[in-house]
Amino acid sequence: MKALVENLANYNLWANQKISNWLLNINEEKLYQKADSSYESIDLTLQHMLRVQKFWFKFIKNEIFKNHDWSLRENDVINVINELIATSQNFKEFVSNCNLNELSELLKLDMPWAKNTLPRYEYILHNINHNTF
């Protein structure tokens with residue numbers, strides 16, 4: 001199980017780097033253009049990916065997450081992209097440093113939109129899977 005979770009965390013970083021490198025090489029204005037998608041622009045999609053990844057990472061590390069910053073950022077797409085990569089790198093390193101007991105530890109989520117208790121590795125997989133949409 002550790003190898004699987006670690007490989008997927010590595011993949012998460014690789015995929016986020018790959019798409020970020022491509023996005024950093026196109027006209028920045030395109031990142032703010034309206035798009036027919038889940039979010040109105042590439043910028044808003046990236047912000048969602050970053051906010052959610054940061055939320056789950058805090059939760060997975062047992063950090064305080066109740067006051068997580070869900071706010072939107074204006075005209076900051078380059079920093080959002082760079083922060084997504086940095087967060088993905090930190091997430092990969094955290095997962096790599098977890099032992100089997102830590103990966104199996106039960107974590108209790110108690111939010112208005114979800115309440116459950118699952119092993120840490122399942123939340124890790126959820127976090128990675130979220131960015132694949």
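At what angle do the axes of H3 and H4 cross, and within what distance do they come? The legends below take this pair first, then the other views. The model is predicted.

**View 1. Helix H3 alongside helix H4.** The two axes cross at roughly 30 degrees and come within 10 Å. Angles under 35 degrees count as roughly parallel, so H3 is roughly parallel to H4. H3 passes H4 in a left-handed crossing. H3 spans residues 42-60, and H4 spans residues 77-97.

**View 2. Side by side: the residues where H3 meets H4.** From H3, the contact takes in Asp43, Leu46, Gln47, Met49, Leu50, Gln53, Lys54, Phe57 and Ile60. From H4 come Val77, Val80, Ile81, Glu83, Leu84, Thr87, Ser88, Asn90, Phe91 and Phe94. By class, 11 of the residues in this contact are nonpolar, five are polar and three are charged.

**View 3. Helix H1 against helix H4.** H1 covers residues 2-23. H1 and H4 pack at an angle of about 165 degrees. Their axes are 9 Å apart. Angles over 145 degrees count as roughly antiparallel, and H1 and H4 are therefore roughly antiparallel to each other. Their crossing is left-handed.

**View 4. The residues where H1 meets H4.** H1 contributes Lys2, Val5, Glu6, Ala9, Asn10, Asn12, Leu13, Asn16, Gln17, Ser20 and Leu23. H4 contributes Ile81, Leu84, Ile85, Ser88, Gln89, Phe91, Lys92, Val95 and Ser96. Nine residues of this contact are nonpolar, eight are polar and three are charged.

**View 5. Helix H1 and helix H3.** The axes of H1 and H3 come within 13 Å. They cross at roughly 155 degrees. H1 and H3 are therefore roughly antiparallel to each other. This crossing is left-handed. Asn12, Asn16 and Leu23 in H1 meet Ile42, Leu46, Met49 and Gln53 in H3. The contact divides into four nonpolar residues, three polar and no charged.

View 6. The structure holds 10 aromatic pairs. One of them joins Tyr11 and Trp14. Their rings lie 5.6 Å apart, centre to centre. The planes make an angle of 35 degrees, and the pair is tilted. Both residues lie in H1. Tyr11 and Trp14 are three residues apart, about one turn of the helix.

**View 7. Two asparagines in the loop between H3 and H4.** Asn62 has a place in this loop. Its phi is near 65 degrees, a positive value in a residue other than glycine. Asn75 also sits in the loop between H3 and H4. Phi of Asn75 is near 50 degrees, again positive in a residue other than glycine.

**View 8. Confidence along the chain.** The mean pLDDT of the protein chain is 94. Of its residues, 99% reach 70 or more. Confidence is highest in helix H5, residues 100-104, at a mean of 98. Confidence is lowest in strand S1, residues 106-111, at a mean of 94.

How values were computed:
Residues are numbered from 1 along each chain as its sequence is written. This is a predicted model: local features need pLDDT of at least 70, side-chain atom pairs count only at pLDDT 80 or more; totals for chains, interfaces and linings use all residues. Side-chain values use heavy atoms; hydrogens and water are left out. Axes are lines fitted to C-alpha atoms, for helices over the stretch in contact, and angles run from 0 to 180 degrees between N-to-C directions. Helices (H or I, at least four residues) and strands (E, at least two) are DSSP runs, numbered from the N terminus. Angles under 35 degrees count as roughly parallel, over 145 as roughly antiparallel, 65 to 115 as roughly perpendicular and the rest as oblique. A crossing is left-handed if the near helix is turned anticlockwise from the far one by less than a right angle, and right-handed if clockwise. Contact means heavy atoms within 4.5 Å. Ala, Val, Leu, Ile, Met, Phe, Trp, Tyr, Cys and Pro count as nonpolar, Asp, Glu, Lys and Arg as charged, and the others, Gly among them, as polar. pLDDT is the predictor's confidence in each residue, from 0 to 100. Rings of Phe, Tyr and Trp (its six-membered ring) pair if their centres lie within 6.5 Å; planes under 30 degrees apart count as stacked, over 60 as edge-to-face and the rest as tilted.
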